[in-house]
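Open the model in your viewer. Keep the sequence panel beside it. We will go from stop to stop, selecting as we go.

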Amino acid sequence: MPIRRAILAAMVSLFFANSARAGPTPVTVFAAASLKNALDDVAHAYTAATGGEVKVSYAASSAIARQIESGAPADIFISADADWMDELAKKNLIVTSSRRDLLTNHLALVAPTDSKLKLPIRKGMPIAAALGADGRLAIAGADVPAGRYGQAALERLGVWPSVKDHLARAENVRAALAYVARGETPLGIVYDTDARIEPKVRIVSLFPDSSHPRIVYPAARVVGAKSGAAFLKYLEGPSAAAVFRQYGFAAPSR
């Protein structure tokens with residue numbers, strides 16, 4: 001019996017020793033593609049400050065929302081619009097009490113850096129003529145937040161009919177940015193923050209905020225999440241806010 005007790009005690013001690021070495025449970029975040037550079041830096045800062053590991057998967061908000069619906073293991077979801085967060089809320093897949101609006105952004109019309117095009121954004125602007133005979137407008141897909149914002153702006157400005165058949169649809173906003181950066185399209189609609197991190201594009205003009213629904217990035221914990229509360233709180237704090245500001249994001253007005 002003493003030997004069995006000794007063995008059991010050793011096993012328990014080894015278990016707690018391994019648990020202590022393992023540290024906090026890693027946080028898995030599913031986030032909108034437009035957040036990549038900024039959120040990577042925020043995650044690294046969080047790890048340096050707390051020792052907690054953060055794993056982030058990026059894609060279009062529509063794609064990652066569907067992954068969560070299909071049971072993909074995520075602790076936190078950060079969307080680029082309220083609609084996809086609302087979709088998960090309707091299906092009881094997020095912890096509604098944890099939901100908060102983290103950031104806002106601006107919508108930009110961009111061109112390759114060597115383009116000399118000038119095109120002030122206003123009602124009836126000649127965007128179709130600016131594309132040329134064979135040119136296309138790079139824009140995210142119709143179910144992607146950036147694509148929705150872009151289409152809404154073009155409709156509000158009265159130019160959607162002239163370009164709707166001349167689009168280069170992309171799976172997410174970063175893919176649309178890449179089309180322009182590679183010179184595959186003469187113009188594209190992306191977020192201001194995307195244009196800032198790509199040296200091969202320049203901002204032609206910013207769309208008025210009044211031309212499209214308010215851009216907002218809501219975040220929430222996913223139902224059944226094993227961790228994430230501390231990181232979600234960190235995302236609202238001053239350290240994260242400073243990083244997001246460096247990339248051009250702003251805190252939403254409360």
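Predicted model: local features only at pLDDT ≥ 70, side-chain atom pairs only at ≥ 80, totals over all residues.

Residues are numbered from 1 along each chain as its sequence is written, and side-chain values use heavy atoms, with hydrogens and water left out.

**Stop 1: helix 2**

Select Asp 40 and Lys 36. Both sit in helix 2 (residues 36-50), four residues apart, about one turn of the helix. Helices here are DSSP runs (H or I, at least four residues), strands are too (E, at least two), and both are numbered from the N terminus. Asp 40 is partly exposed because its relative accessible area is 21%. Lys 36 is also partly exposed, at 37%. Their side chains meet in a salt bridge (2.8 Å, N to O). That term means a side-chain nitrogen of Lys or Arg within 4 Å of a carboxyl oxygen of Asp or Glu. Side chains of opposite charge can pair when their charged atoms come close. How many salt bridges does this rule give? The count comes to twelve.

**Stop 2: two further pairs**

Select Glu 87 and Lys 91. Their side chains form a salt bridge of 3.5 Å, N to O. Glu 87 is partly exposed at 26%, and Lys 91 is partly exposed at 42%. Now select Asp 165 and Lys 164. In this salt bridge the closest N and O atoms are 3.9 Å apart. Asp 165 is exposed, with 53% relative accessible area, while Lys 164 is partly exposed at 40%.

**Stop 3: Asn 92**

Select Asn 92, in the loop between helix 4 (82-90) and strand 4 (100-103). Is Asn 92 buried or exposed? Its relative accessibility is 58%, so Asn 92 counts as exposed. Check the backbone: phi is positive, about 60°, although Asn 92 is not a glycine. Most residues other than glycine have a negative phi.

**Stop 4: Asn 172**

Finish at Asn 172, in the loop between strand 7 (167-170) and helix 8 (173-181). Asn 172 counts as buried because its relative accessibility is 11%. Leaving aside neighbours within four places in sequence, Asn 172 is in contact (heavy atoms within 4.5 Å) with Ala 33, Ala 60, Ala 140 and Val 144.

Note on methods: Buried < 20%, exposed > 50% of the residue type's maximum accessible area, 1.4 Å probe, protein only.
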